[in-house]
Amino acid sequence: MTATRMRIARTVASLAAIALLTSACSGGEDLDDDGAAVETPGSSAAVDLSGETVEVAAVWTGAEQERFQLVLDGFAEQTGATVRFRSAGDDVAAYVGPRIEGGDPPDVAIFPQPGVVQSFAGQGDLIEIEDIAGDEVDANYGPGARKAGSVDGTLYGVWFRAAQKSTVWYNVDVFEGAGVEPPTTFEELQEVAQTISDYGVEPYSIGADVGWPLSDLFENIYLRVAGPEMYDQLAAHEIPWTDQSVKDSLTVMADLVGDEALLAGGSSGAEQTDFNGSVTQVFADPPKGAIIFEGDFVGGVISGETNAKVGTDADFFDFPSIDGSEPAVLGGGDFAVLLADTEGGKALIEYLATPEAAEIWVAEGGFISPNIKVDPSGYPDEVSQRAAQALVDAGDSVRYDLSDLQPTEFGATTGQGIWGILIDFLRDPSDIDGTAQALESAAKKAYGG
Amino acid sequence: MDGATTKRGGRSWAVALFLAPALVLLGAIVMYPIFFSVGRSLFDANGSKFVGIENYQEMFTSPATLTAIKNNLIWVVFAPSLVTALGLVFAVLTERIAWSTAFKVAIFMPMAISFLSAGVTWRLIYEQDPDLGLANAAAGAVVNVFRPPGELPGARPSDEQALRASEGGLAASDPVDLGGTATLGLVAIPPESIPADAVQAVEPAATDGGIAGTVWLDFAPGGGGDPGIIDQGELGLPGVEVEAVAGGAVVASATSAPDGSFVFDGLEVGSYEMRLPEGNFREPFGGISWLGPTLVTPAIIVSYIWIWAGFAMVVIAAGLAAIPRETLEASRVDGGNEWQVFRRVTVPLLAPVLAVVFVTLVINVLKIFDLVLVIAPGSAQRDANVIALQLWKTAFGIRDFGLGSALAVFLLLLVLPAMAFNLRRFRAEES
């Protein structure tokens, strides 16, 4: 699909570029005449890029793609450049990789995992952005942003979007119908789920099609069962995946996903539901599912693809504590990287580091910006403000999404590594030891041991 | 003799001149990439270190590639032979029917669609939800006739002690004597499937010489209420079938009223088991998981057959047209029936054509990629994996070009025998 589409897209793009080029040439003299007057007002990013085409690839589709398009429109307005968005599907590396090999990378890509930034930087395919956005990153973000976007001390990525992954979303009507309150502990959660099931709705809606929602669920559980210190050790593979803490977490997870009556569509249904589907089915009529274990961005899908309203029909509670664990937040994020040394690409990277760019999406909902200059009152509703606030409040106890920190083949490849093994686990949640063993051998291989 | 050699020698320049462009092209776009891949397969992921045959060892030990190889084997065994057989059947049939051109066009049509569009179409056909997927909608239409869904699919007892499983349905744990009452509480009934005429459930009123009972939804909207007790706000379940069972045999059956009440009259003295038979709880057809781990490869093979049967039919029909009619007539005159003529005359005469179709399809199937990528959902992509897909994912997803090249070389080796066969046939035909 992508190959054909790409070919068509490339032809169209080059035709468009030629058309723009000729029109720019013919209008060239006019520009010279009143060149000074044409200068775009506003920030430092406002270089004149009329006639330039900037291509950007990201994993977003549907509502998220539409919102990002608004951000890009803002850039186009400022600079006069034409921006083309390419949706890369779930596996951005598999989309960008061949284009780099073919010598025609998109100018900018947005990678959903620092692990991917690392592996591409390691191959020498990323362009250093210190001179382009280094100052913006230091001025507009907290100290963690530079570290997260750097590989071996060199800045490659602008942290454009943050994710707060310790939220659990629910259908308010179903909770009211079943007469349950948002739980705060794992035991309460299981009771709530049982009551909702008695009420006649299969509670847990999990999009296990590709597997990343399962890895986020596991990480939230692990962070609470084992604590932040061990979490860091596991993330760095200093302790093996066969560690008792991993097995304990898998046991908790088996309690949660092991009962077919509590899983919307049973495990085979979950396996064929993608992330967007797992959200929309909860707010369908009649609802198929009531509870979604995923981050703040669920809100964006709810307001973009369902009739439900965030705050009245949909709400979230914090991921419940397990055995009295302290509050902890799992974070994630998307990094913009530069793949082609073009004026348009550089300007876009610089633009994405500004609060103005972030505020466009912030206002649309389903988006948390790690940019500290972003005005908190810009969040469209109390719910997303709350999710953003939780991330800010958590400060040091925020842990970065574990699977995203792994080498790509272990942490973020469809059908392999953590994603693939946890899908197997969903099919047979009784095999705790086998699952831990499989994770360990996959990790060992990825770490080259 | 002498003249011939001179002639040839004089021509060799011209020959070389004419061949040169083709040779250069072949060398640049076929031979060079092959040798480059073979060389590259002996180096590590980013090509900096010579690793010998390590990539090949990895290839034959990693579970992902082993699944891919196993699936390619399944593809090669089933897809080409089924397509060829179906093409033969269509070709022979279209010779006989009046609307043969229309039929041929219909069968050949899928060839005109790109594999990707065909893949997307089949992905929709195979959707698990019978409301979305054509295959399951068709299966559901049949299944629901023979196993009509019950009133209360998925319902569970509100009190596991009071109601227990019995012959696929549920039965009260305590037998009821004549003049007694039974309360059968259920939960997990979706709000939208509660019958519209349901009203507040009532305590069963005991009757002399009969058994009264209530079957109700033991769950008040908004929660609250105690399990096993008919609370205010809990609805009766109308239209539920209840059976009175004695000595293992169904003695009488009744259907509940809008308030959930039911009565058995005219029973003989004794004690009875109150049972809600299986039919009440039968789930509506939920759809076959075509794209689940077990069925995904056969499902994709079916879509492949749908696309390629037309190609096989057209080629075989052309071969069929070339068979001398007299031979067929002669065998019919000799007393052969249609099956014998087909089996003993038509098929042997068509054998060369069938072989070409078959071998071409084998080569094609070994390289299968797009259908698997498009049709298999992410969760089943490992189970549906094939060598070409694994190659692409390894080289361009994980960016291990060493292992990717090794897979490419392996795929080439698999295709070579089939290519050699086709070349030999080609040469035999020329001579």
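Mentor: In this predicted model, 15 residue pairs, both at pLDDT 80 or more, are in polar contact between chain B and chain A (a pair of N or O atoms within 3.5 Å, where within protein one must be able to donate a hydrogen and the other to accept it, and residues adjacent in sequence count only if both atoms are side-chain atoms). On the chain B side, helix 11 (381-384) and helix 12 (387-397) each supply at least two of the residues that touch chain A, helices being DSSP runs of H or I with at least four residues and strands runs of E with at least two, numbered from the N terminus. Helix 12 of chain B gives the most to that side, with five residues. The residues of chain B that touch chain A divide into 16 nonpolar, twelve polar and eight charged (Ala, Val, Leu, Ile, Met, Phe, Trp, Tyr, Cys and Pro count as nonpolar, Asp, Glu, Lys and Arg as charged, and the others, Gly among them, as polar).

As for conventions, residues are numbered from 1 along each chain as its sequence is written, while chains are lettered from A and ligands numbered from 1 in the order in which they are written. Local features need pLDDT of at least 70 and side-chain atom pairs count only at pLDDT 80 or more, whereas totals for chains, interfaces and linings use all residues, and side-chain values use heavy atoms, with hydrogens and water left out.

The contact (heavy atoms within 4.5 Å) draws 36 residues from chain B and 40 residues from chain A. About 3,000 Å² is buried between chain B and chain A, with carbon and sulfur atoms giving 50% of that area; this is the accessible area (1.4 Å probe) that two parts lose on being put together, summed over both.

Side chains of opposite charge can pair when their charged atoms come close. Between chain B and chain A the count is six salt bridges (a side-chain nitrogen of Lys or Arg within 4 Å of a carboxyl oxygen of Asp or Glu), and over all chains the structure holds 29. One of the pairs joins Arg382(B) to Asp424(A), whose closest N and O atoms are 3.0 Å apart. In another, Arg399(B) meets Glu101(A) at 3.0 Å, N to O; this pair crosses from the loop between helix 12 and helix 13 (401-430) of chain B to helix 5 (residues 92-101) of chain A.

Turning to the strands of chain A, three of them form an open sheet in the order 8-7-9 with antiparallel pairing, two strands being paired if DSSP finds at least two bridges between them. Strand 8 (291-293) and strand 9 (314-318) of chain A each have a single partner strand, so one side of each is left without a neighbour in the sheet. Strand 7 (residues 167-171) and strand 8 of chain A are paired over three bridges, and Tyr170(A) has Ile291(A) as its bridge partner in strand 8.

In chain B, four strands form an open sheet in the order 1-5-6-9 with mixed pairing, and its edge strands, strand 1 (156-157) and strand 9 (261-264), each pair on one side only. Strand 1 of chain B runs antiparallel to strand 5 (residues 181-187), to which two bridges join it, and Arg156(B) has Val187(B) as its bridge partner there.

Finally, some backbone details deserve attention: most residues other than glycine have a negative phi, and most peptide bonds are trans. Asp152(A), by contrast, has a positive phi near 50°, and the peptide bond from Asp285(A) to Pro286(A) is cis, with omega near -5°. Pro286(A) lies in the loop between helix 14 (275-280) and strand 8 of chain A.
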